[in-house]
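User: I'm new to reading protein structures. Could you walk me through a pocket and a sheet?

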Amino acid sequence: MPYKRSFKLRISATHFIILALLFGFGMAVVSTIASLQSISRDLYAHPFRVSNTAMDAQAKILAMRDDMVEMALDPANQAELAREVSVLDAGVRSDLTLIHSSFLGDMSRVDEIDRQMAIWQQLRSKVIDLIRQGDLAEAKRLMAGPGEQLFRQILGNTGYVVDFARKKAGFFAKEASTASASRVREIWWLLGGLALLISLLVFLVTRRILAEFRRNEAFTEKLMESEQKFQRLFEEANDCIMLLSTEGVIVDINRAGHERLGYSKAEMVGRRIAEFDTAEHATRVRERVANVMRTGFASFEAAHVCKDRLVMPVEINASLIEMNGKELILSVVRDISERKRMESELADKESRYRSIIETSPEGFWMVDMQGRLLEVNDSYVALSGYSREELLAMSIPDLEAKENPEETAEHIENVMKNGYDRFESLHKTREGKIWPVEVTVSFWPMEGGRLFVFCRDITERRRREEEQRLAMTVFQNIGEGMTVTDSENRVVAVNPAFTHLTGYSAEEMIGKNPNLLSSGHHDGEFYRQMWQALEETGQWQGEVWDRRKDGELIAKWLTISTIYDEAGSVHQRVALFSDITQKKQSDEMLWRQANFDPLTQLPNRRMFREQLEQQIRKAQRSRDSLALFFIDLDRFKEINDTLGHHVGDELLMEAAKRIKSCVRESDTVARLGGDEFTVILGELSDKARIDHAAQNILARLAEPFQLGSEIAYVSASIGITLYPDDADSAHNLIKHADQAMYEAKSRGRSRFSYFTPQLQEEAMKRLKLTTDMRNALAKKQFRVHFQPIVDLATGRIHKAEALLRWQHPEQGMVSPMDFVPLAEETGMINEIGDWVFREAASLTKQLQALSPDFQISVNASPVQFHSTLDHFGEWPNYLKRLGLNGSSIAVEITEGLLLETNSSATDRLHAMRKAGLQISLDDFGTGYSSLSYLKQYPIQYLKIDRSFVRDMTTDPNDEALCEAIVVMAHKLGLNVIAEGVETMQQRDLLLAMGCDYAQGYLFSKALPAEAFAKLMTEGN
């Protein structure tokens, strides 16, 4: 912001005298030198002026080039530099006009300069637009290429003008000297006198000019210092400061201003202030600018819109100033968001306080410092029986029934001192009744001081306190244990008997949940029913097993009662219990003798029958299935007869343990007698578990029995029947299971048989499929198909997923859903998975000749990671033998593997990554997606499950989930693959989200290796 001080040369009387002499003396020689002046003007001054003008134009052109280059390097000063370039350009135009009128040489060169300057104007506009758009690279390129070439052409043509004019000037000067030699001699004597006068005048004027220059330099230094101070204040001010033109355009803005609004300085300078106002205030900008122009100052409130779209209320003080001879508006903008928020909160609080006082059930007074009532609420009117008018004519002693005036005055003095007081007292009603109150007083220093008094009726509280004193006496002295809990089921009190019976002191229990005593004896259903009864009736009683502090179990007969508050909500619960442990132990011994086999400790026939009937009733309620196994040990009688009954007893005990180890704890294993066992499998959601359990039992019982020094071998025959498919009663289920067991024996023993022919047929089919699968690999019945994975940005096939298929000789193509689970159960997935990897690696080697970075994904089962067979360790070596690097293969795993805390799986994942293989997380989002494993494990790809992609075009939630997965993965440095893409609309949505890859029927189904190689060749 440059300032200028005008230069003034004062003319003295001496100067006037010398000037008069010079004028008179000069007039005497005017006629003599007239012809000489004409010669000089026509023959010399004309070309000399052209030369100087051309050199001036050259200097301006060079300055324009420097400013444009600087503008590209420093966009922050583009507005100031652009103005300077415009001024220089106008100067060059003016110089060219003079040259046109006076040049005596080749005018086509001057016309060429005009044409080149027109091209320069177009280039300049384009460069300035690029800089404003932020494309600095293109702007620099234009200036360094076409711009520099154009400048050289212009400078070459102007150089021609300069050289030509200089030559003409020298020639004309020589001619002028010859023509005027005689004239010069005639006036030589006059020039001597004229020179003397001029020297004197120059001396005087020069002295005055030097003095004026010194004054101007001092003034300029002060102005520069002032300008620097202004700039520092402008930039470092905490408030936003703007300079606006009178049209409302931002000329300059300080750092606090543009940072507070979230913009850069370049984004704001040159734009209208209305663009940053809310719609309401943007329409008033012209009116406010006009007001400032009219009055010179204005102060008002407005609202700016920040770059993040948040609205910031502001207070603006605008002043009209003059700078560089131009009127500008200096606008100081202060953020008043906090003030507005506080004003809103104050208004809201005042409204709430007024509402609280008016609607409060407590009585309220406003009292002056003499104790006179100035205001009361409706609650106190109702409590006291007085009308509002009667109360406003009274003072505190008229209503106080406990304190005398001196005590009241003491309370008032205490409130004034501390600002607050609380105490209990007695008040009188209009009918003379005395009622207890709790008084809360606060002091408010306004209008000489006011007391705010709240009076709570505590009649009911006093009554309850008396009842509680009585209850506490009983509580402390009763012989049964008692606990009191609050509405959140936290212990608030225990009696001495509780401490005696449980070992826990009151300090250890207060604030705790009573489940601290829980023994784990009861399941969740037991407590659910207990709480349901408490919620519905407020009462519950029954038998509970808890644990003492020393760990000993205690059986209690527990009674729980609920206490409600005035609103009908739970206030407290009281639990009363007595110790029935000894009685329960006696009952338990008798019950166990009646229901359990003394040899194996399994349920006996009687207990088994009860358990079966109970499981049937439970299955009826839940509409579940259950299975009954009838197990008979083959060759047991031979061992019992040969080795003795004591060895037979040991075998039966070990057999019982083995059978129990093959089922869940919730399943029932019983011994009916002799060598007959039964198993009840309840809550069957997957009937495949029946086969698995039966096969495990057969396998475990077929293992050798080490019975002291003897080794015995037995097998088992198992009959299986299902509820409700085979029967709906315990009797019929047992009968059918027994029949099925004999069927198993008749078919060769050491096997299981279903009672239902259909189930038997299905079991045989599964068994046959398992047997066939064992031979499928050797007989080369497995196939690997490949589904392309497309790079969405380029449309190229960049990857593929290897998918296993089984071409069964009798059943045709078997679905992986049918045989892969069997392969995992039997462990065959280890050999099959290794074979798939090697097939995929071989195809990768072929296809990398077409695309060097081509990659195939291979699915790996969790069973492979947990197996003792480490095929994974050989994979890197196999890739090396093929000449492939590790990144040629991506191993696809599921979320379930990462959620397991299995060190072998984790170690193998890290070993793969160390060997260069990449890891892809399949079906992301469909399981329990713990995000922590994304940074714990070496994952490179996330695959969005097809269930999200399928509905993303119709379900906004699926679309949002897909986009969230893409954004999250990219933030973590992962690539994203979308599965199941079937439509162009799905592809376009994924591309817009920034998803990296996609696979699905839109691109291709899974193809055999030969067809895929052809597609790879044609598709890319």
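User: Let's begin with the lining of the second largest pocket: how do its residues divide into nonpolar, polar and charged?

Analyst: Keep in mind that this is a predicted model. The lining of that second largest pocket has 15 nonpolar, nine polar and 11 charged residues.

User: Which residues lie nearest its centre?

Analyst: Of the 35 lining residues, Glu801, Leu803, Pro816, Val820 and Asn859 lie nearest the centre of the second largest pocket. Several elements each give at least two residues to the lining, including strand β24 (797-808) and helix α27 (816-826).

User: Now the sheet. In what order do the five strands come?

Analyst: Read across the open sheet and you get β12-β11-β15-β14-β13, with antiparallel pairing. At the edges sit β12 (491-494) and β13 (539-547), each pairing on one side only. From one strand to the next, the twist averages 25°.

User: What packs on the sheet?

Analyst: Helix α19 (residues 524-537) does, touching β13, β14 and β15, and its direction makes about 150° with that of β13. Helix α20 (residues 581-595) packs there too, touching β13, β14 and β15, with its direction at about 125° to that of β14.

User: How many bridges join β11 and β12?

Analyst: Three, in the antiparallel sense.

Note on methods:
Residues numbered from 1 in each chain as written. Predicted model: local features only at pLDDT ≥ 70, side-chain atom pairs only at ≥ 80, totals over all residues. Heavy atoms only, no water. Pairing = 2+ DSSP bridges. Helix = DSSP H or I, 4+ residues; strand = E, 2+ residues; numbered from the N terminus. Axes fitted to C-alpha atoms, helices over the stretch in contact; angles between N-to-C directions. Contact = heavy atoms within 4.5 Å. 1 Å grid on protein atoms, 1.4 Å probe; cavity = no way out; pocket = protein on both sides within 12 Å on 5 of 7 lines; lining within 4 Å. Nonpolar A, V, L, I, M, F, W, Y, C, P; charged D, E, K, R; others polar.
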